[in-house]
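My notebook is open and the viewer is loaded.

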Amino acid sequence: MSSHVTTDLPVFDKDNPFHALITENRLLSKAGSQKETRHFVVNLIGSGLHYKAGDSLGVYPSNDPRDVAAVLQCLGAIGDEPVSPSMLKLHEPITLREALLTRLALNSPTSKILNTLLAKAAAPAESAKLEGLLAPDAKELLTRYLEHNEYTDILAEFPSAKLTPQEFVDHLRKLMPRLYSIASSPREYPNEIHLTVAVVRYEINQRPRFGVCTTFMADRTPVGSALVPVFVSHSHFGPPEDLSKDVIMIGPGTGIAPFRAFVQDRVAAGATGRNWLFFGDQQRANDFLYEEEWSEQLVRGGLTRLDTAWSRDQDAKVYVQDKMRESAAELWTWLQAGAHIYVCGDAKRMAKDVDAALHEIIAAQGGLTPEQATDYVKQMKKDKRYQRDVY
Ligand SMILES: Cc1cc2nc3c(=O)[nH]c(=O)nc-3n(C[C@H](O)[C@H](O)[C@H](O)COP(=O)(O)OP(=O)(O)OC[C@H]3O[C@@H](n4cnc5c(N)ncnc54)[C@H](O)[C@@H]3O)c2cc1C
Ligand SMILES: NC(=O)c1ccc[n+]([C@@H]2O[C@H](COP(=O)([O-])OP(=O)(O)OC[C@H]3O[C@@H](n4cnc5c(N)ncnc54)[C@H](OP(=O)(O)O)[C@@H]3O)[C@@H](O)[C@H]2O)c1
């Protein structure tokens, strides 16, 4: 018998995702919250997948079958029609239903489809409307029209153009996977990945709109039965290898996710460095994500300090950077002692404002000019002591 054992385990990655069971889907925000933030547990058993604190999970969503049915109806199609969407560069055609359900994005129409409809419209009134939308001086009208209408609205408004299934799919973008910061540590959960997900539901013109992937996970993935295509996206973001280093973590909203992983990881690894967490969300009573776990970590010493900012519990907004400013002297002492600082969550506003607050604190506490404070921050980044995972 050969002494070599060859294992032909498939390697799961972005191009070959693992089909995982979701074993838990639990509301984290309370009933009175204006948000819907959920905790998901993804089962890794049989995948051979490994992850570390700081990595993200990629999830390939499916579109809502009701949206697919609406498109089929507009096209007068049944779904079995073979198509080769130009975006996908396929060797063989797939069915229209598969293309619409799992391969192409059904949201955010572009003006390209209006041009095609104009070329094919047989009814003069429809052509006139399309010409008006595509007129060189009607840019604002066009933008508003595309924001307010879905593909189904557009197809229904210009029925005389009669697009074939192939003509229609050639206008759609690829349905892309979404990334989620992993909220668990492999030291504590080697066979599971936990996620903290804010479900996207909003209205445009009094009509409900939904995020594709968050509602796929929240509404269309029955716990314990449906399989979700996933892959691990490895990241440079992660807690310091040197377990004696202190860490400062700033993660409002879903930005909390990787820091649950960091704290679990450092506790399990026996880290001796201190852990300071800044968390913020709308209301203390409704949006204190993982409150019990943080209380327990504070008692056990897994967290040294927790500062919270509740933006909507009073008239004036209070954000995580306000809490950082309140404790500027202490924060500076930690930084001078070599602490690593991490930021996760919203990139557009939060991460920029937190970065500005950090510069201000360093300048004021260190007695530095703005230029010297910038150099201090640059050096921290070079030393990988200031890391951000923002989206
Ligand atoms: C590295 C990384 C880590 C991430 N980690 C997390 C995480 O831990 N948790 C998490 O929840 N998300 C996380 N995200 C975001 C996540 O990847 C998705 O972008 C998010 O969940 C939305 O996906 P969706 O498919 O549900 O929404 P989509 O179908 O992609 O729709 C989102 C779009 O809807 C529009 N929109 C949303 N709200 C409104 C509104 N109120 N008014 C008008 N338009 C609106 C915006 O155009 C927005 O871009 C992360 C992203 C990255 C890149
Ligand atoms: N690019 C995007 O479209 C984008 C990015 C991130 C999140 N989101 C969406 O927002 C929803 C919830 O996301 P989330 O839970 O991660 O976070 P969030 O609800 O957007 O924000 C969490 C907390 O951060 C506060 N905040 C707002 N602006 C801030 C700033 N400039 N500095 C510091 N804190 C600030 C919020 O306060 P107030 O809200 O009371 O001001 C809230 O208390 C999801 O639907 C998500 O998809 C969208």
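**Ligand 1.** I started with the shell around ligand 1, which draws at least three residues from each of domain 1 (18–60 + 180–233) and domain 3 (247–390); the bounds come from an automatic or database domain assignment. I'm working on a predicted model, where local features need pLDDT of at least 70, side-chain atom pairs count only at pLDDT 80 or more, and totals for chains, interfaces and linings use all residues. Residues are numbered from 1 along each chain as its sequence is written, while chains are lettered from A and ligands numbered from 1 in the order in which they are written.

I count a residue as near a molecule or strand if its C-beta atom, placed from the backbone, lies within 6 Å of it. On that basis 19 residues surround ligand 1, and Tyr202, Gly211, Cys213, Thr214 and Tyr391 are the closest. Strand E6 (178–181), strand E7 and helix H8 (212–219) each give two or more residues to this shell. Helices (H or I, at least four residues) and strands (E, at least two) are DSSP runs, numbered from the N terminus. E6 gives the most to the shell around ligand 1, with 4 residues. I sorted the shell by class and got 10 nonpolar, 7 polar and 2 charged residues. Here Ala, Val, Leu, Ile, Met, Phe, Trp, Tyr, Cys and Pro count as nonpolar, Asp, Glu, Lys and Arg as charged, and the others, Gly among them, as polar.

**Ligand 2.** Which residues come nearest to ligand 2? I found Ala198, Gly253, Thr254, Ser311 and Arg349, out of 23 residues around ligand 2. The elements giving two or more residues to this shell are strand E12 (275–281), helix H12 (320–326) and helix H14 (350–366). Domain 1 and domain 3 each supply at least three residues to the shell around ligand 2. By class I have 6 nonpolar, 9 polar and 8 charged residues there.

**Domains.** How many residues of domain 1 are in contact with domain 3? I get 21 residues of domain 1 against 21 residues of domain 3, with contact meaning that the C-beta atoms, placed from the backbone, lie within 7 Å. On the domain 1 side, strand E7 (residues 192–198) gives the most, with 4 residues. That side has 7 nonpolar, 10 polar and 4 charged residues.

**H13 and H14.** I then checked how helix H13 (residues 328–336) packs on H14: the angle is about 85° and the axes are 9 Å apart. Because 65 to 115 degrees counts as roughly perpendicular, under 35 as roughly parallel, over 145 as roughly antiparallel and the rest as oblique, H13 is roughly perpendicular to H14. The axes are lines fitted to C-alpha atoms, for helices over the stretch in contact, and angles run from 0 to 180 degrees between N-to-C directions. From H13, Ala328, Ala329, Leu331 and Trp332 meet Ile361, Ile362, Ala364, Gln365 and Gly366 in H14. I class the residues of this contact as 7 nonpolar, 2 polar and no charged.

**Burial.** I call a residue buried if 20 or more other C-beta atoms lie within 10 Å of its own, exposed if 12 or fewer, and partly exposed in between, with C-beta atoms placed from the backbone. In helix H2 (residues 96–103) the buried ones are Leu96, Arg97, Ala99, Leu100 and Arg103. Their cover includes helix H1 (65–75), strand E4 (82–83), strand E5 (94–95) and helix H7 (165–169).

Ser84 is in the loop between E4 and E5. Is Ser84 partly exposed or buried, and why? Ser84 is partly exposed because 16 other C-beta atoms lie within 10 Å. Leaving out residues up to four places away in sequence, Ser84 touches Leu90 and Pro93.

I noted Asn205, a residue other than glycine with a positive phi near 55°. Asn205 sits in the loop between strand E8 (201–204) and strand E9 (207–210), and counts as exposed because it has 8 C-beta neighbours inside 10 Å. Tyr290 also went down, with a positive phi of about 60°. Tyr290 is in the loop between helix H10 (284–287) and helix H11 (291–300), and is partly exposed, with 19 other C-beta atoms within 10 Å.

Technical notes. Two residues are in contact if their C-beta atoms, placed from the backbone, lie within 7 Å.
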